[in-house]
Amino acid sequence: MSFNLLGEIRSHIAKEAKKLWPEASSAIFEVAPSNLERHGDIATNIALVLSKQLHTSPLTVAETLADALRDDARWRIEVKQPGFLNFFFSNDFLLSNVQRYLATLSEFPKRAGKIVLEHTNVNPNKAMHIGHLRNAVLGDVINNVLQRVGYET
């Protein structure tokens, strides 16, 4: 079982759009995490893309698609200018997906090879400072991640 939440949501959005507008089934659109908290957890530009094909305003397309997607308890949807759909995930949905993600951690294949990771080499002739501590923590985290995905470090 793989875990691709954005891909699953993108497929769901595309399926609903295809139900509403069969001629727009080949639309290439983005579903991505939002940069700002007020823009939701993820956002999509599908209405902007479809509006060109449908010769309709992006806000009209966004509202129509949002109405079709709003019945889902996983999220709350807001339509924003010029036609973005912003998704705000429910806490239950987030919790269930964290549990799904944790269940997939054992799926990482072991990697062949060894990685030499050099970090935290403080100059003994100078005073230590907080930057050295930061680099030690970062190096240790990178080492743990590499080991987790199967590399020998």
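Author: The answer below begins with the sheet and then moves to the helices and loops.

This is a predicted model, in which local features need pLDDT of at least 70 and side-chain atom pairs count only at pLDDT 80 or more, while totals for chains, interfaces and linings use all residues. Residues are numbered from 1 along each chain as its sequence is written, and side-chain values use heavy atoms, with hydrogens and water left out.

The names of the elements come first: helices (H or I, at least four residues) and strands (E, at least two) are DSSP runs, numbered from the N terminus. In the open sheet, 4 strands are arranged in the order E1-E2-E4-E3, and their pairing is antiparallel. Two strands are said to pair if DSSP finds at least two bridges between them.

On one side, E4 is joined by 3 bridges to strand E2 (residues 42-44), and the two run antiparallel. Within this pairing, Ala43 has Asn86 of E4 as its bridge partner, and Thr44 has Leu85. E4 also pairs with strand E3 (residues 75-80), again in the antiparallel sense, over 6 bridges. There, Trp75 stands opposite Phe89 in E4.

Asn86 gives a view from inside the sheet. This residue belongs to strand E4, and its relative accessibility of 3% is the reason why it counts as buried. Leaving aside residues up to four places away in sequence, Asn86 touches His39, Ile42, Ala43, Arg76, Ile77, Glu78 and Lys80, where contact means heavy atoms within 4.5 Å.

Helix H1 (residues 5-20) has 16 residues and reaches 23 Å from its first C-alpha to its last, close to the 22 Å expected at 1.5 Å a residue. The expected span is 1.5 Å times one less than the number of residues in the helix. Its buried residues are Leu5, Ile9, His12, Ile13, Glu16 and Ala17. Seen down the axis of H1, these buried residues fall within an arc of 130°, so they line one face of the helix; the arc is that of the directions from the helix axis to the C-beta atoms.

Two further helices pack against each other. Helix H2 (residues 46-54) and helix H3 (residues 58-69) meet at an angle of about 115°, with their axes 8 Å apart. In this contact, Ile46, Ala47, Leu48, Leu50, Ser51 and Leu54 in H2 meet Pro58, Val61, Ala62 and Leu65 in H3. Leu54, in helix H2, has a relative accessible area of 15% and is therefore buried. Apart from residues up to four places away in sequence, Leu54 touches Trp21, Glu23 and Val61. The C-alpha atoms of Leu54 and Lys15 are separated by 17 Å, although these residues are 39 residues apart along the chain.

The loop between H2 and H3 contains His55. This residue has a positive phi of about 55° although it is not a glycine. With a relative accessible area of 73%, His55 is exposed.

Key: Buried means under 20% relative accessible area, exposed over 50%, partly exposed in between (1.4 Å probe, protein chains only). Axes are lines fitted to C-alpha atoms, for helices over the stretch in contact, and angles run from 0 to 180 degrees between N-to-C directions.
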